[in-house]
Amino acid sequence: MQQTALTQNADVQRQFLIADNLKLVYHVANKFMPCPKGYCSEVDDLVSEGYFGLVVTAKNYDPAKGSFSTYACKVIESKIRKSLPKYRLTLVSLDSPLTKDEEEEITVGDVIDSGFSVENEVIRRDIVARL
């Protein structure tokens, strides 16, 4: 019974640490804006990654080792840095084929020239499905 109470108390303390330090995540995420060269992400993407770091920090924090915010900044920054490859820009040539079918030679440039719109295609498919 006493063990359960200790566990619940630790969970409540973790939740308070997280709630009290949400602004810290924004502070750290804003250090990465504007995006480093070669990457494209919104600050909200980085904040989401930072929240994971904050939760990890709250779970692993040992008050005997120092300040929570100092530890949290390092963990949040590390989590954001590790997530950056997800947002790496890739270059695509206009001559890149869109299909692996060698008979159908449609390139990225062809689609752009044709005025193809993903939004219009989704609407078209929805209409066809309803009919």
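Modeller: Buried residues in α4 are F68, A72, V75, I76, I80 and S83. Seen down the axis of α4, they fall within an arc of 135°, so they line one face of the helix. Buried means under 20% relative accessible area, exposed over 50%, and partly exposed in between (1.4 Å probe, protein chains only). The arc is that of the directions from the helix axis to the C-beta atoms. This is a predicted model: local features need pLDDT of at least 70, side-chain atom pairs count only at pLDDT 80 or more, and totals for chains, interfaces and linings use all residues. Residues are numbered from 1 along each chain as its sequence is written, and side-chain values use heavy atoms, with hydrogens and water left out.

Colleague: Which residues of α4 are exposed on the other side?

Modeller: K74 and K82.

Colleague: What span should helix α4 have?

Modeller: The expected span is 1.5 Å times one less than the number of residues. Helix α4 (residues 68-83) has 16 residues and should span 22 Å; its end C-alpha atoms are 22 Å apart, which agrees.

Colleague: Which residues does T57 touch?

Modeller: Contact means heavy atoms within 4.5 Å. T57 sits in helix α3 (residues 43-60) and is buried, with a relative accessible area of 0%. Leaving aside residues up to four places away in sequence, T57 touches F68, Y71, A72 and V75. Of these, F68, A72 and V75 are among the buried residues of α4.

Colleague: How many salt bridges are there?

Modeller: Side chains of opposite charge can pair when their charged atoms come close. The rule asks for a side-chain nitrogen of Lys or Arg within 4 Å of a carboxyl oxygen of Asp or Glu. The count comes to three. One joins E77 and R81, with the closest N and O atoms 2.8 Å apart. Both lie in α4, four residues apart, about one turn of the helix.

Colleague: Where are R14 and D11?

Modeller: In helix α1 (residues 2-20), three residues apart, about one helical turn. An α-helix has 3.6 residues a turn, so residues three or four places apart point the same way.

Colleague: Is R130 buried or exposed?

Modeller: R130 counts as exposed, at 69% relative accessibility. R130 forms a salt bridge with D126, at 3.2 Å between the closest N and O atoms.

Terms used:
Helices (H or I, at least four residues) and strands (E, at least two) are DSSP runs, numbered from the N terminus.
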